[in-house]
Each structure stands twice: as structure tokens, then as C-alpha cells.
Amino acid sequence: RAALPLLEQAADHAGLARVWEALGAVANLQGRFEEWAQAAEQSLRHFRLAGQTPFGLAGLHGALVSGPRPADEALRGLDSVLPPNPEPFVLLGRARLLAMLTRFGEAWEIALPAAERIREVSGDGLGEPALGEIAVLAGDHATAADHLRIACDMLERREVPATLSTYAPALGRSLCVLGRYDEAEPLAQLGRDLGYEEDSSTQMLWRQVQALVHAHRKQPTDAERLAREAVEIAERTDGLNSQGDALCDLAEVLITAGRSGEGAAALEQALERYERKKNLAMLAQVRPKLEGPALF
């Protein structure tokens, strides 16, 4: 931030673009996604003024997916800055927004070729996490687990612990939905052991997965403690989807412990977060749990 006025005085747009991009990266790690989006928008403006083309829209697609802007608004914002031939990572961000809006056909039509393009260029499955996220939004956790397993194997092979620390428990969360708790627990622990303390996504996810494992094993005290810690971390961010997911997992922990009323209250809070994000896909998955004759 100290560099910004110096670069502005020098009209160094290339330098300003890089500094704003770096500020966005810091905001991303700390779960300040709207701040990330605004930094990315500033970065893009300066890249244009410098006559340069940034890689991956300076991260704007990721900020719009993860942040608090409603999915339809975020999609319009992303489309307004798309170049004629968008990079595949940007297209994967667009596909995730489409999936939130339950436009799954369009989402897969964009996402699968984009992931294949990434594989052709990189030789690896760098696009698999986005495919896993789309499958989760579609309620297909078996497919999500397949994609996330490929991603985790690739990250382990490439020795990228910071990213593996996030996607390992993400895989574990889908395995919990599939009832494969014994497979999920080591992935939660991997996230705990590899994750940076400042990485809000990792710190939420490993706690959520371990909480679900404890709940399955009839260890309600440990389960609730971790689930509430995950919600607390989520609430320090502005990631509405992450908040909703953490609240859903807390609800499952409480309901498994026989506390249906408290679990229903947590689900109501989750719905409020998904509604604000306009995540229609998750609303469609969560509402029936409250409207049906029995929870879970």
C-alpha cells in the first residue's frame, strides 16, 4: 500500500497493476473476497492503461465466485470484462457461477473443455477442483470426489502443500456425504497439518470434515466444538458460500446429536447466506431438509 502513491505519482500503470494484483492475493488468503474483487478490478484497469494483458483477469473470476456479490450480478460483472478468447481458468470461474444459478448444462459445456485445455497445456489436472465444485453444486458428490481425488493426487505429486491443504479436506467433505468417514478423516488431518493459520478456507474445511467424522462416531462434544470453530472462522470472512457450508455442517452435527431444533436454526442461517449469494443450487439442496417430515 505504501507503494501505491509513489506509483501513481510516476503514472506507472504496469507497477500499479502488479501491486493491486498482490493486494488481491493477500485479501484472498484472508477471506476478504470483495476486497479481492475490487483490487482485481483496479489491477485490470491499470493493466489496460499499460497496454498489457493480465493472466487470469488478475484473479477477478475467483473473487466473484467466492465473494458476496450475488451469483447473477457476479456473472454479469465477469462477462463485462471477458476478452474474446478467455483463458480456461477464467471460463471455469464462469462455469461455477452458472452452476450456482442451476444452469448446469451450460456450466458443464464450458467447464469440461476448459479443464481439458488446461490438461493439454499443463499435462495435469489443474482444472479438476472447479469440476469438483460444480459437481458438489449439482449434488453429485461421487463425481465431485472423483475430480477432487485427481486434483489432490496431482498436488501431492507436484508438492504444492498450501493448495493441497485446502482440496484434501474438500475431498473429505464429499466423502462424508457418501458415508466414507474413515477415508475422510486422514484428509481432514492433512489439511490441519499442511494449512497455513492465515488460510481461512483450509482452517474451516478441515474442522468441518473432522466434525462430521466425530459426529458419525457419536463424539458430539468434539464434533460441535470443531463445527462451531469452522463457523466462527467463516464469519470472519465475507464468503457467503463458505458460511453457508459451515452452517450446514454444524446443523448435521447438532441433528446427529439429537438437537433437531438447533440444527434447524443453523440450516435457516445457511439458507440466508445462500439466498444472499443467490446460490440457487445450494438453496435447492438445503430447503427440502427443512421442509420435509424429518431433518436428514
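Is Lys218 buried or exposed? Lys218 is exposed, at a relative accessible area of 63% (buried is under 20%, exposed over 50%, partly exposed in between, with a 1.4 Å probe and protein chains only).

**Ground rules.** I am working from a predicted model, where local features need pLDDT of at least 70, side-chain atom pairs count only at pLDDT 80 or more, and totals for chains, interfaces and linings use all residues. Residues are numbered from 1 along each chain as its sequence is written, and side-chain values use heavy atoms, with hydrogens and water left out.

**Two lysines with positive phi.** Most residues other than glycine have a negative phi. I looked up two that go the other way. Lys218 is not a glycine, yet its phi is positive, about 60°. I found Lys218 in the loop between helix H12 (200–216) and helix H13 (220–235). (Helices are DSSP runs of H or I, at least four residues, numbered from the N terminus.) Lys278 also has a positive phi, near 55°. Lys278 belongs to the loop between H15 and H16. I noted Lys278 as partly exposed, with a relative accessible area of 33%.

**H15 and H16.** Next I checked the helices on either side of that loop. The axes of H15 (residues 260–277) and H16 (residues 280–291) come within 10 Å and cross at roughly 155°. That makes H15 roughly antiparallel to H16. (Under 35 degrees counts as roughly parallel, over 145 as roughly antiparallel, 65 to 115 as roughly perpendicular and the rest as oblique; axes are lines fitted to C-alpha atoms, for helices over the stretch in contact, and angles run from 0 to 180 degrees between N-to-C directions.) Their crossing is left-handed, meaning that the near helix is turned anticlockwise from the far one by less than a right angle. On the H15 side, the contact includes Leu267, Leu271 and Tyr274; on the H16 side, Leu283, Val286 and Leu290 are among the residues. (Contact is heavy atoms within 4.5 Å.) By class I have 8 nonpolar, no polar and 4 charged residues for this contact. (Ala, Val, Leu, Ile, Met, Phe, Trp, Tyr, Cys and Pro count as nonpolar, Asp, Glu, Lys and Arg as charged, and the others, Gly among them, as polar.)

**Arg273.** Which residues does Arg273 touch, not counting those up to four places away in sequence? I get Glu235, Leu240, Gln243, Gly244 and Leu247. Arg273 is in helix H15 and is buried, at a relative accessible area of 10%.

**H13 and H14.** H13 packs with H14 (residues 240–256) at an angle of about 165°, their axes 9 Å apart. That makes H13 roughly antiparallel to H14. The crossing of H13 and H14 is left-handed. H13 brings Ala223, Ala227 and Val231, among others, to the contact, and H14 brings residues including Gln243, Leu247 and Leu250. I noted 10 nonpolar, 2 polar and 3 charged residues there.

**Thr237.** Thr237 sits in the loop between H13 and H14. Thr237 is buried, with a relative accessible area of 8%. A polar atom of the Thr237 side chain lies 3.1 Å from the backbone nitrogen of Gly239. Apart from its neighbours within four places in sequence, Thr237 is in contact with Gln30, Gly31, Ser200 and Gln243.

**H8 and H9.** Helix H8 (residues 128–137) and helix H9 (residues 141–158) pack at about 165°, with their axes 8 Å apart. H8 and H9 are therefore roughly antiparallel, and their crossing is left-handed. Among the residues that meet are Leu131 and Ala135 in H8 and His147 and Leu148 in H9. The class count for H8 with H9 is 8 nonpolar, 4 polar and 1 charged.

**Two residues of H5.** Last, I looked into helix H5 (residues 71–81), where Ala74 is found. Ala74 counts as buried at 0% relative accessibility. Setting aside residues up to four places away in sequence, Ala74 touches Leu64, Arg69 and Leu97. Leu75 is in helix H5 too, and counts as buried at 6% relative accessibility. Beyond its neighbours within four places in sequence, Leu75 is in contact with Arg94, Leu97, Leu98, Leu101 and Arg103.

Conventions. A polar contact is a pair of N or O atoms within 3.5 Å; within protein, one must be able to donate a hydrogen and the other to accept it, and residues adjacent in sequence count only if both atoms are side-chain atoms.
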